[in-house]
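This report covers a ligand site and a set of aromatic rings. The sequence and structure come first.

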Amino acid sequence: MEQRSDVGRQWLYDPCTDAGDPLGVVASVKVHNSIYASVRLLRPRECMGVSDFQFLPIHGVPGHDTRQFPGHREVFFYLKDLCDEFGIMDVVRLNTKVMCVAMASEVAGGNSSQVKWQVRSVRLDPDNGEEVAAQEEVFDAVIVANGHYSHPVAEPGTMVKGC
Ligand SMILES: Cc1cc2nc3c(=O)[nH]c(=O)nc-3n(C[C@H](O)[C@H](O)[C@H](O)COP(=O)(O)OP(=O)(O)OC[C@H]3O[C@@H](n4cnc5c(N)ncnc54)[C@H](O)[C@@H]3O)c2cc1C
């Protein structure tokens, strides 16, 4: 379940990130976690790929950045290719925001117990981000991968309005 309209996570660039104060000190920031336009990799591409689908430079295709520390768009392209390679889009629900994850039940089974997880999510209108439908489901396991960043990091001691 991904709340944004595409995969890529923070590497899915949203131009609104650059619309206000990049440190979020002056105006509140409405973008959850997009990188800003000028970001280039902090780490060499060799360290960022997964072992069975490496992040190799793509030569001879317009629009690709073959540098060892490419611009942010190259990571997005890589992640899209990764999704295609492993059929990940078949199991991704875009525009779906997780609102709550809670323990659903504990079923004793022999010596072990099985914990289930209740997940409440809402589908978001891709045009305006408004909530259009809510649902509750129960899963055997949940992996939380919501990232570290939801608003810019300002100078220590500076108040930043949340989004
Ligand atoms: C400026 C900058 C440069 C960086 N450069 C590098 C680099 O060069 N190399 C490197 O390896 N790392 C770099 N990083 C670290 C970067 O954070 C990681 O590469 C990676 O993006 C972290 O992935 P993540 O999936 O943990 O989090 P994120 O990329 O933040 O993804 C989290 C996802 O969870 C979604 N989400 C959050 N809450 C919900 C919810 N309630 N419901 C549904 N979806 C939700 C978000 O929309 C987002 O798509 C950089 C970070 C920053 C800020």
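Which residue lies over the face of Phe 55? Arg 45 does, at 4.6 Å from the ring centre. A charge sits over a ring if NZ of Lys or CZ of Arg is within 6 Å of the ring centre and within 35 degrees of the ring normal.

The model is predicted: local features need pLDDT of at least 70, side-chain atom pairs count only at pLDDT 80 or more, and totals for chains, interfaces and linings use all residues. Numbering runs from 1 along each chain as its sequence is written, and side-chain values use heavy atoms, with hydrogens and water left out.

**Aromatic rings**

Rings of Phe, Tyr and Trp (its six-membered ring) pair if their centres lie within 6.5 Å; planes under 30 degrees apart are stacked, over 60 edge-to-face, the rest tilted. The count is four aromatic pairs. Two tilted ones are tabulated here.

| Pair | Centre to centre | Angle between planes |
|---|---|---|
| Phe 55 and Tyr 78 | 4.6 Å | 35° |
| Phe 76 and Phe 77 | 6.4 Å | 50° |

Phe 55 and Tyr 78 are both buried (under 20% relative accessible area, 1.4 Å probe, protein chains only; exposed is over 50%, partly exposed in between). Phe 76 is buried at 15%, whereas Phe 77 is partly exposed at 24%.

**Ligand site**

The ligand is surrounded by 21 residues (a heavy atom within 4 Å). Among the closest are Glu 2 and Arg 9. The shell divides into nine nonpolar, seven polar and five charged residues.

Methods
Nonpolar A, V, L, I, M, F, W, Y, C, P; charged D, E, K, R; others polar.
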